[in-house]
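Biologist: I am new to this structure and should like to understand the terms used for it. May I put some questions to you, with the structure before us?

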Amino acid sequence: EVRSERTNPDAGFSFLAKRMGEKVQLFLSSVSPKQKEKAYQKITEKRLAELKYVVEKPDMSNFEKSTIRYSTTVGMWVEYILEKKLNSEKASTTETLSSHKPVIESLMKNYDDTTAEWRFLKHDLDYLELYSDKLR
C-alpha cells in the first residue's frame, strides 16, 4: 500500500518548500549514517506516492519529472548505503524496493507499451532491478 502525500508535484510553491525541507532534513541527519539512511528511505516512499498521484490524477505536466525524481532518489539511497557500508540495511532496502515493483507495474497498465509514459515507468522498474542487484 502506498500512503498518499499531502503535497504533490502540482502544488507549486508548497511542493518546492517540501523538497527544500527534505534537503534540510538530509543535511541535518548527516551526523548519523543510519539516521540519514532512514531519511532517504522516507523520501523514497514519498517519491513513489508522488509518482502514483501523478499517474492516477493524471498530471502529465509533472509525469516525466516525477519518474526521474523517483529513480534518482532510489539511486541516491542505494548509493548511500553502499558508500557508508551499511550492510545491515541491505536486506530491508531490497525488500522495500521489491515492494515498489508491483506498484510501478500496476501504474504501467495505465499506458500502452508504445507510449513515452509507459517507457518512463519501465525505466523506473529497470532501475529498481538494477539497484536491488547492487545491494545483493
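Biologist: Which residues does His-100 touch, not counting residues up to four places away in sequence?

Modeller: His-100 touches Thr-44, Glu-45, Leu-48, Tyr-70 and Leu-128 under that condition, where contact means heavy atoms within 4.5 Å. Please note that this is a predicted model, in which local features need pLDDT of at least 70 and side-chain atom pairs count only at pLDDT 80 or more, while totals for chains, interfaces and linings use all residues. Residues are numbered from 1 along each chain as its sequence is written, and side-chain values use heavy atoms, with hydrogens and water left out.

Biologist: Where is His-100 found, and why does it count as buried?

Modeller: His-100 is found in helix α4, residues 90-108; helices (H or I, at least four residues) and strands (E, at least two) are DSSP runs, numbered from the N terminus. Buried means under 20% relative accessible area, exposed over 50%, and partly exposed in between, with a 1.4 Å probe and protein chains only. His-100 has 1% relative accessibility, and therefore counts as buried.

Biologist: What makes the side chains of His-100 and Glu-45 a polar contact?

Modeller: A polar contact is a pair of N or O atoms within 3.5 Å; within protein, one must be able to donate a hydrogen and the other to accept it, and residues adjacent in sequence count only if both atoms are side-chain atoms. The side chains of His-100 and Glu-45 make such a contact at 3.2 Å.

Biologist: How do you know that the span of helix α1 agrees with its number of residues?

Modeller: The expected span is 1.5 Å times one less than the number of residues. For the 16 residues of α1 (residues 13-28) this gives 22 Å, and the end C-alpha atoms are 22 Å apart, so the two agree.

Biologist: Which contacts does Ala-39 make, leaving aside its neighbours within four places in sequence?

Modeller: Ala-39, found in helix α2, is in contact with Gln-25, Leu-26 and Ser-29 on that basis. Its relative accessible area is 3%, so Ala-39 is buried.

Biologist: How many aromatic pairs are there?

Modeller: The count comes to three. Rings of Phe, Tyr and Trp (its six-membered ring) pair if their centres lie within 6.5 Å; planes under 30 degrees apart count as stacked, over 60 as edge-to-face and the rest as tilted. One of the pairs is formed by Tyr-40 and Tyr-80, with 5.5 Å centre to centre and 45° between the planes, and is tilted. This pair links distant parts of the chain, as Tyr-40 in helix α2 and Tyr-80 in helix α3 are 40 residues apart.

Biologist: Why is the pair of Tyr-127 and Tyr-131 called stacked?

Modeller: The ring centres of Tyr-127 and Tyr-131 are 6.1 Å apart and the planes are at 20°, so the pair is stacked. The two residues are four apart in helix α5 (residues 116-135), and are therefore separated by about one helical turn. Tyr-127, at 38% relative accessibility, counts as partly exposed, whereas Tyr-131, at 12%, counts as buried.

Biologist: Which residues touch the most other members of the largest nonpolar core?

Modeller: A nonpolar core is a set of buried Ala, Val, Leu, Ile, Met, Phe, Trp, Tyr and Cys residues joined through side-chain atoms within 4.5 Å. Of the 29 residues in the largest one, Val-55, Tyr-70, Val-74, Leu-97, Ile-104 and Leu-121 touch the most other members. Two or more residues come from each of α2, α3, α4 and α5, and α2 gives the most, with eight.

Biologist: What is the phi of Lys-85, and why does Lys-85 count as exposed?

Modeller: Phi of Lys-85 is near 55°, a positive value in a residue other than glycine. Lys-85 lies in the loop between α3 and α4, and its relative accessibility is 63%, so Lys-85 counts as exposed.
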